[in-house]
Amino acid sequence: MRALFSKLVFGVMWLLHFLPFRAVAAVGEAIGALMFWLIPERRRVTRINLAKCFPQLGEDEREKLARAHFRAFVRSFFDRGILWWAPRERVRRFVLLEGTEYLEALAGKPVVLLAPHFVGLDAGGLRLARDYTIGSMYSRQKDPLFERLMYEGRTRFGGRLYPRQAGMRKVLRVIQSGEPFYYLPDMDFGPKASVFVPFFGVAAATTIGLSYIARTTHASVVPCVTRMLPGGGYVARLYPAWEGYPSGDDTADARRLLAFIEERALEMPEQYLWMHKRFKTRPEGEAKFY
């Protein structure tokens, strides 16, 4: 049954990718509005995260934001049909790039592209891979069809993917070779190699992987945040390389990472990945949130 459902969903994605950007966006958002009621566990997690991070908002405002997040998240999933199967030129028009001069100024040098978990994450990564040789890590999927389509889609323009389960040694060599690495360090990966720093005022277990990689490979950190546009399409924006990073203080570096994400999340709050159990790992003695 699950395999049949997967084939149906990906079949719909393939059919949708022929439609205008605005039509794909409308369908994705409509399905997202429905999924808000069909996935109670993710709805609950989203509500808890928003209550923790935005206590100053009224309950009605947070509920509106939660529904907007579901629409954006599901739309981003169906937008992958365009990213995976549309011609190169259509992908170029679908995802615009800004700030590429910050990456090109570091050509041939170790670079980590810091890519927080906004819904446009895949769009930005694949658009960069269209024009540059980009590496990234990925987690293996339980659904073999999704695994194959995701891998083929993300590598269709020559991007390189390294399974997270393979560890960091190969990734470090890749970065040292001068291949920009698209890195996603803002999820809760558990207490190992993490520190607790505030995220919207809430203690969040945050990996020290970014500062470790930058320190080990002498890489520059260039943030990349992709914004979903109303009515279809995205803009992937690169920011200037961080100065004074890593600082030598892993906790200060982790806080700098989260402060940057907070700023971007306030610009487009519905587009950050609130469905993720960002506060699953708690300081010793503190009650669980979920």
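This is a predicted model: local features need pLDDT of at least 70, side-chain atom pairs count only at pLDDT 80 or more; totals for chains, interfaces and linings use all residues.
Student: In which helix is the place of R264?
Tutor: R264 belongs to a helix that spans residues 250-267. The name of that helix is α11.

Student: Is R264 buried or exposed?
Tutor: The relative accessible area of R264 is 9%. Because buried means under 20%, R264 counts as buried.

Student: With which side chains does the side chain of R264 make polar contacts?
Tutor: A polar contact of 3.4 Å joins the side chain of R264 to that of Y239. The side chain of R264 also has a polar contact, at 3.4 Å, with the side chain of E263. The partners are therefore Y239 and E263.

Student: Which helix gives the most to the lining of the second largest pocket?
Tutor: This pocket holds about 360 Å³ of space. Its lining consists of 15 residues, and M168, Y183, A193, T207 and G209 lie nearest its centre. With 3 residues, the helix of residues 209-217 gives the most to the lining, and this is helix α10.

Student: How many residues of that lining are nonpolar, polar and charged?
Tutor: The lining of the second largest pocket comprises 15 residues. They divide into 10 nonpolar, 3 polar and 2 charged.

Student: Is C224 buried or exposed?
Tutor: The structure holds 0 disulfides. C53, at a relative accessible area of 4%, is buried. C224 has a relative accessibility of 2%, so C224 counts as buried.

Key. Residues are numbered from 1 along each chain as its sequence is written. Side-chain values use heavy atoms; hydrogens and water are left out. Helices (H or I, at least four residues) and strands (E, at least two) are DSSP runs, numbered from the N terminus. Buried means under 20% relative accessible area, exposed over 50%, partly exposed in between (1.4 Å probe, protein chains only). A polar contact is a pair of N or O atoms within 3.5 Å; within protein, one must be able to donate a hydrogen and the other to accept it, and residues adjacent in sequence count only if both atoms are side-chain atoms. On a 1 Å grid over the protein atoms alone, a cavity is a set of points where a 1.4 Å probe fits but cannot get out, and a pocket is an open set with protein on both sides within 12 Å along at least five of seven lines; lining residues have an atom within 4 Å of a point. Grid points are joined across faces, edges and corners, and a volume is the space filled by probe spheres set on the points. Ala, Val, Leu, Ile, Met, Phe, Trp, Tyr, Cys and Pro count as nonpolar, Asp, Glu, Lys and Arg as charged, and the others, Gly among them, as polar. A disulfide is a pair of cysteine sulfur atoms within 2.5 Å.
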